[in-house]
Amino acid sequence: MDFRIRDRRLRVNIPDRARLMAELGERMRQRRGFALATLNLDHLVKLRQDEVFLDAYLAQDLVVADGNPVVWLSRLAKKPVSLVPGSELVVPMAELARDSGLSIALFGSSDAALADAAQDLTRRLPGLQISARIAPPMGFDPQSPAADALLAEVRDSGAGLCFLALGAPRQEILAARARSIAPQTGFASIGAGLDFLGGHQKRAPVWVQKIAMEWLWRMLSSPRRLAGRYLRCALLLPELVADALRLRRGG
C-alpha cells in the first residue's frame, strides 16, 4: 500500500505480522540491523507538515500498518495490509531476540517506566538479557550530538534490538539516524509500548480494540491533548480516500 506525500511515495512494505516476524528473524540471525516504523493516521498528518519526519520515514527499512484507517484505506485501494499494532510487537520481538541469542535495549520514556518494563519483560521471557536502559532528558533532540552519543551507547552495549519509545516524530528520526551509527542493531519505534508494559499508561480494553474504537477511548481519556489531533486526522481522510481510489483504478 502506497501513500502519496509531497509527490513522494511512502509504502507499507510489510503486509502482515507473519511476514514481519519472518523478516525480523532473518535479520536478527544475520545481525543485520533495521529501522521499523508503525504507520498510523496521525503520522500521515505529521508527514505532510514535517520534511525531516518524511525523510526519516522514507529511510525506514520496514513499515507496517498500525491503525485501522490505514488498513481500511489499503482495502479500498485493493492493496490490503493487516493491522500490526506497534504496542503488541514488543513481547514477540523481544522473544525473537532472546531466541536469536541477542540482548535488547530500552530507549525513551522515563527511568521508572523503563525499569518496570524491563521487569515485566524478563518475567515473561526468562533468559532475556537487557543490556541498556536509556531515558533521555526532557527536550531531547534526536538530531543532536547527544543523540549520537546515546546511539553509540546502544551499539556498544551489544544490543541486537532496541525499542524506541519516544513518540513520533522523534523515534523515527532517531531510528533513521541509528542505521549508520549502529548498523547491526534493529531499532523498532513502538510509541507507548514500554509504558503499557510497565503499567505507566493504560491501553483501551480489548473489547474496545476489537470494535476499532481505541481512538475514541483515548480521546475521551485525554480530550484536551487529543481532540485537536483527531480533528486533523479526520480532515485529512477525504484526501486519503481519493488517493486510495486512484490506486484502485491503477493511477
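Biologist: In the hairpin of β1 and β2, which residue takes a positive phi?
Modeller: The strands here are DSSP runs of E, at least two residues long, and helices are runs of H or I, at least four, all numbered from the N terminus. Strands pair if DSSP finds at least two bridges between them. β1 (residues 2-5) and β2 (residues 8-11) run antiparallel, joined by 4 bridges. Their hairpin has 2 residues between the strands, and the one with a positive phi, near 55°, is Arg6.

Biologist: What kind of model is this?
Modeller: Residues are numbered from 1 along each chain as its sequence is written, and side-chain values use heavy atoms, with hydrogens and water left out. Local features need pLDDT of at least 70, side-chain atom pairs count only at pLDDT 80 or more, and totals for chains, interfaces and linings use all residues; the model is predicted.

Biologist: Which residue of β2 stands opposite Ile5?
Modeller: β1 and β2 are the antiparallel strands joined by 4 bridges. Across from Ile5 stands Arg8.

Biologist: Which residues does Leu54 contact, leaving aside neighbours within four places in sequence?
Modeller: Leu54 sits in helix α3 (residues 51-58). Its relative accessible area is 0%, so it is buried; buried means under 20%, exposed over 50%, partly exposed in between, with a 1.4 Å probe and protein chains only. Contact means heavy atoms within 4.5 Å. By that test the partners of Leu54 are Ile5, Arg6, Arg8 and Leu47.

Biologist: In what order do the 6 strands of the open sheet lie?
Modeller: The pairing is parallel. β4 (62-65) and β6 (130-134) stand at the edges with a single partner strand each, so one side of each has no neighbour in the sheet. Between one strand and the next the twist averages 15°. The order is β4-β3-β8-β7-β5-β6.

Biologist: What angle does helix α7 make with β6?
Modeller: Axes are lines fitted to C-alpha atoms, for helices over the stretch in contact, and angles run from 0 to 180 degrees between N-to-C directions. α7 (residues 145-157) packs on the sheet and touches β5, β6, β7 and β8 (186-189). The angle between α7 and β6 is about 170°.

Biologist: In β7, which residue is the bridge partner of Gly108?
Modeller: β5 (residues 104-108) and β7 (residues 161-165) pair in the parallel sense over 5 bridges. The partner of Gly108 is Ala165.

Biologist: What is the volume of the second largest pocket?
Modeller: On a 1 Å grid over the protein atoms alone, a cavity is a set of points where a 1.4 Å probe fits but cannot get out, and a pocket is an open set with protein on both sides within 12 Å along at least five of seven lines; lining residues have an atom within 4 Å of a point. Points are joined across faces, edges and corners, and volume is the space filled by probe spheres set on them. The lining includes Gly108, Ser109, Ala165 and Arg170. The volume is about 160 Å³.

Biologist: Is Ser109 buried or partly exposed?
Modeller: Ser109 lies in the loop between β5 and α6 (111-124). Its phi is positive, near 55°. Most residues other than glycine have a negative phi. At 27% relative accessibility, Ser109 counts as partly exposed.

Biologist: What is the omega of the peptide bond from Ala168 to Pro169?
Modeller: Pro169 lies in the loop between β7 and α8 (170-181). Most peptide bonds are trans. The bond from Ala168 to Pro169 is cis, with omega near 10°.

Biologist: Which strand holds Ser189, a contact of Thr38?
Modeller: Thr38 itself is in β3 (residues 34-39) and is buried at 4% relative accessibility. Ser189 counts as buried at 0%. Its contacts beyond four places in sequence include Leu36, Thr38 and Leu164. The strand of Ser189 is β8.

Biologist: How many of the 10 residues of helix α5 are buried?
Modeller: Among the buried ones are Val90, Met93 and Leu96. α5 (residues 90-99) is largely enclosed by the rest of the structure, because its buried residues number 7.
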